[in-house]
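Here's a quick walk through this model. Take a look at the sequence and structure first, then read on.

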Amino acid sequence: MTVFKAFLKVLLKYKGTIILYSMILIIFGAINMSTSDNNVNFEDSKPDVLIVNSDKGNKISDNLVKYISDNSNINNDLKGENEINDALFYRNINYVIYIPKGYGNDIMSGKNPEIDIKSTGDYQASLAEMILKRYIQMQNVYKMNESSEDEFIKLINNNLSKDVNIEVTSKLDTTKLFNASTYFSFASYSIMAVIIFIVCLVLSSFKEKNVNKRTIVSSMNYKKYNNGLLLASFGYSFILWVFFIILGIIMLGDIMFKSRGLVYMLNSFVFTFCCLTIALFISTLVTNKNAVNGIVNVVSLGSSFLCGAFVPAAWLPNSVLTFAHILPTYWYINSNDLLKTMEVIDFTSLQPIFINMLVVLGFSILFIILNNIVSKYKHNAI
Amino acid sequence: MKNVIEVKNLTKEYKKLKAVDDLSFEVKEGEILGLLGPNGSGKSTTINCILSLLNFQNGSIKIFGKVMKPDSYDLKRQIGVVFQEVAVFEELTVYDNVDYFCGLYISDKKTREKYVNEALELVGLLDYKKFYPKQLSGGLLRRLNIACGTSHKPKLIFLDEPTVAVDPQSRNNILEGIKKLRDNGASIVYTTHYMEEVEILCDRIIILDKGKILASGTASDLKELSDIDEKITVEIEKIDEAILNQISNLNNIDDYTFEMNILTVKYKKGKNNLGGLINFLKKNNVTYNKIFSERPTLNDVFLSLTGKGLRD
Amino acid sequence: MFWHNFKYSLKVLFKSKALIFWTFAFPILLGIFFNIAFSDIENSEKLDIIDIAIVKSDEFNKNIIFKEAFEGLSKGNDKLFDITYTNLNKAQKLLEDDKITGYLVFDDDINIVVSSSGINETILKYVVNEISSNETMINTLIKKDINNEIKKGNYNINYEKIYADAYKLVSKDTAKINNISNKNLSYTMIEYYTLIAMTCLYGGLLSMYIVNLKLANMNSVGKRTAISPIHRGKMLVSSLLASYVVQLTCLAILFIFTIFVLKVDYGNNLPLIMLLALVGSFAGLSLGVIVATLIKTNENAKTGILIAITMLGCFLSGMMGITMKYIVDTNVPLVNMINPASMITDGFYALYYYSTLDRFIFDIVSLLVFSFVIILISYFGLRRQRYDSI
C-alpha cells in the first residue's frame, strides 16, 4: 500500500501530460464526429463545388447552376480569388466552375464556349467533372435541334430527371462505424504515449539510483516492492483505459453498448495491456528522464504513423504495412478496421479479431520476457 | 590597514524572514575573515548581498572604498567567488570550464592559459584536464569549483563552505591552496561550519546567528569569551560520595560531573588547577589512572554562544 | 570576450544531448514518419479503377448502348471500370467479400446493387445514369431524324446510319473545359512546412538553455557569470548568437534532408525560403528567451512548457491534420495570427502556392513583430540584475 500511494503521488505530478494527450484525442474525435450523420439508405457522395457565375440572369446559365447545385454541395461563402485558392488547397472545395459572361447566348447561337475550372484532382473533383461534362455534352447535343430556350431547357431537364434504381445491401450504419474505428485507432496513439510516458517517468523516480539503493536496504521484501510497483502501474493503465472508454461512449454513443462496441473495448483493453508491458520494458532499459521523453515520442509517433493510426492503413504504401506487422499497433488497428465493415458479429466472424488479439498478447509476453532478461542482466551489473 | 569591504547596517528581509539584521563589519586587506554561524544564520545571504546578486532593504556596501552595484565591472574584475554549490558546465571538460570562467575576466589568451594552469596546479587537478565534471569524485569537483572561482587571481575572494563533503586529503589541499592565495596578497572571506578550519586558517572570525553578529575577533579573543577556561578529565575507579562533594570547595571550580568512572571538572580562570586537583585526589587516597587537561575549543565557544538547539 | 563566450556557448550547446535530440534528430525522424504516412495519400485520393460486376442476361445482351458503353469504359489506359461478367450468385458473393463496389442487374429496368454509400458507389450510379440519358438522347435524335426524313418525303430510311450518326454525336466528347488551377496543389507539403516551423520553434530550447545559464536566480553557473565583470547585455547577445547558429545548423540539415531525401517542394525562391527560415528561427529564439526569463521554475518544467507551446502551435497549423490550419484560419484567424508556427507554415505555403508575394510579406512582417514584442517583454525581465531571492 505504501508503494501504491507513493506511486499515485508521483503520478499526480504528471497530470498535465495526461490531460494534454486526452485533449488531443478529444479534439481529434470531435472533428471527426462533426461530419457524422446517419445513413442506412443510399446517399450520393457529393463533391464540394463552387460556381462563379458571370452570366447571371440567363436561363441557360442558371439551369446549369441549378443542375450542378442539385448534384453537389455548393459552397458560395468564399469571397475573392485568394479564399477560393486556399479552400481548394486545403480540399475544402474540390472543384470551381467559372461560367463566362454571355455563356447562355453563346450556346443558343450555336457556339461551344470554353469553361474555366479549378480542380484538386482527387476523386471528388473527378466526379464533379463528370457531372459538368455530362451536362455540357447534353447541351451540345440538344442545342442543334432546338431553337427555343425554354424547349431546350425542358428537354435537358427531362432527360436528367431520370434516376436509376439503386439497392443497398448493407444494414450497417457506416458513418457511425467509421467514427468508432477512427476513434479507437487514433486512441492507440494516446494510450501508448500516455502509458509509456507516465509509467516510465514515475518508475524512473523509483529506480533513481539512490532511492533504489535505499529501498534495497530497507526492511521491505524487494519482491513485494516490485509487485507493488507492477500493480500500481497496472491500476493506472486500467483507470486510463476506463477513462478513454468513457470518452468514447460520450462521443460515439449507443454503438458502444452493442456487442460490436464490446469487441472494440476488449480489443483496446488488450492493446492497453500490451502498452503497459512495453512501458515496463522501456523503464527497465532507460531511467534517464530526458531520454524517456525522446523515446516515448519516437515509439508512439512511429508506430502510429507506420500502422495507420493517423492516416487510414488503406492509404499507406504496401511496403510500410508489411513492415508494420512487427508492431503490436498494426494488429490492434487491423481489428478496428475489420470491425468497421463486419456485417454480423458472431463467433466465426470474430475469429480474425481474436487472432489479432492473441498476436498482441504474444507481443506482451515477449516484452515481459525481454524485461526480465534485461533486469536480470542489469541486476548482475550493479 | 585598508578596509577591503565595508558593510554598514545591512538589512535583508525575505517575505517573512529577516535573514540579515542591521549587520555591520569590515574586511581588512590581506586577512582571512571567517564567517561562522549555524545553518540559516545569514552567511550566504550576506555574501550574495555584497556581490549585488540580491536586493536588500537597507544598508550600504563598499568594496575597495567604492559602492558595489550590479554594473560595477571594475570592482567585479577583482573579486573571485567560490559558491557553496558546484557551479560548472556539465558539458565542458575541467580545462574548458576553468578557461571559460577565467575568460570572463582575462581576455589575453597567453595570460589566461598561464592562469588556468596555475589554478589547476593549485588545486591539484592538472592530471584531470580532459575529464568531464561527471567523472570527478566529490572532492575533485569541489576543487574544480575553487579553480573556476579563483583562476583570474582576484584580490578579494569569497569562499562559501568550499570544503563541504570533502575527504581529509582534499580538504588539506584546499586549505593549503587558500593560504597560498592569501600569501599572494588576496583578502579572503571564508564561511564554514568546521571550527578547526577556522582556527587554522582565519586571522579574524565573526560569529553570526539570526542575521546578527554574536561575537568577533581572533580565535583566542573568542576563547576568552568562553565561560570556562580549563576542563580536566580524570579516570577513577571508585570515589566516595562525600569526597566528591568536597570538590566544589576547590579553587576556581565552575562545575563538575562524575559519570561512568570519568570525573570531569570545569574551571573558571585561574592557575595551577591541575596540580590542585591531583593533590586533592592524593590526599583523599583516590586512585586514578589517566588525567587530561584541555583548554576550551572554538567548538565550545560556538555552542555556548549559539545554543545547542537544532537548526533548520 | 564576446567570441570567448560565443565559442564556449557553442561547445555547451553541441554537447547537450537532449537539446540536440529535440532540435536535430526529432524533426528528421518525424519527417521520415510523415513521408511514410503521406507518400501515397494523394495518389490514393485520385480516382482509381472501380471493380464492378455485371450479371449476364438476355436483357443486357440486347441493350447495345449499355453494352458498348461499358466496353468502352473498361478498356484503354484511362479506363474507369474493371468489369466481371458473371451470374447473380457469384456477383452477390463478390460484393459480400468486398471485392467489388457493386453489381448491375438488367431486367426490365436497370438495377444497381451496392453494399454501402460512398464515392465509388456514387460514380457507378452516375455513370449508369449518364449512359441511360445518352440512350434517351439517342432515341430523341433518331426519332427526330426519322420525322425529318418522313417530312422530306423520304420513306427509304437508313436506320443504321441514323443510329450511327446519333450514337457518334452523343458519345463524342465536345465539352471544352480549361483547367486553370495552380499546379502546386500538394497539400501534404503543409506537413513538412509545419515540421520546419516546429524545428524553428524548438530552437527556443537552445536559447532558453543558454539564457538560463546566465541568470543568477535560475542556475549556479548563472550566479558565477552574474558576478563576473562582463556587461550582461553583451554576454546575452553573444550567447544567443551561438544558439542561433546551432539552430540554423540544425535547420539547414533538415532542409537538405527534406529536399533531397524526402523530395519536399518549397517553391523556387531560394533567397526568400532562407529569409523565412532565418526569421522563423528568430521567432523560436525569442520564444525561448521569454520562457527563460519570465517563467520561474526549474529547467525541466521550462523545457516541458516550450515543447507544449510548440506542439500546440504546430497542431493548430496543421501538423496532426492539415484541415486544422484551414479551420482555424477561416474561423478564428486571430489565433493563427499570434501563432508563430502558423506564420512560418503559412509563409512556406505562400511561397509554394501563391504567385504573388503579398501573403508571404505579411507572414514575414508578423513574425518579426511577434519576435520583437516578445524580446521587448523579455528585456524588462532581463534588465533586472538584483533579485529578491535566489
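## Where B meets C

Chain B puts 29 residues into its contact with chain C, and chain C puts in 25 (residues are in contact if their C-beta atoms, placed from the backbone, lie within 7 Å). On the chain B side, helix H2 (73-76), strand E6 (79-82) and helix H3 (94-103) supply at least two residues each. Helices (H or I, at least four residues) and strands (E, at least two) are DSSP runs, numbered from the N terminus. H3(B) gives the largest share of that side, with 4 residues.

By type, the chain B side splits into 18 nonpolar, 5 polar and 6 charged residues. Here Ala, Val, Leu, Ile, Met, Phe, Trp, Tyr, Cys and Pro count as nonpolar, Asp, Glu, Lys and Arg as charged, and the others, Gly among them, as polar.

## About the model

This is a predicted model, where local features need pLDDT of at least 70 and side-chain atom pairs count only at pLDDT 80 or more, while totals for chains, interfaces and linings use all residues. Residues are numbered from 1 along each chain as its sequence is written, with chains lettered from A and ligands numbered from 1 in the order in which they are written.

## Helix H12 of chain A

Helix H12 (residues 289-307) of chain A has 19 residues and spans 27 Å from first C-alpha to last, close to the expected 27 Å (1.5 Å times one less than its number of residues). Just after H12(A), A:Gly308 takes a positive phi of about 90°.

Cover for the buried residues of H12(A) includes helices H8 (174-206), H13 (318-324) and H14 (328-341) of chain A, together with helix H2 (17-38) of chain C. Among those buried are A:Val292, A:Val296 and A:Phe305 (buried means 20 or more other C-beta atoms within 10 Å of the residue's own, with C-beta atoms placed from the backbone).

Definitions and conventions: Contact = placed C-beta atoms within 7 Å. Buried ≥ 20, exposed ≤ 12 C-beta atoms within 10 Å, placed from the backbone.
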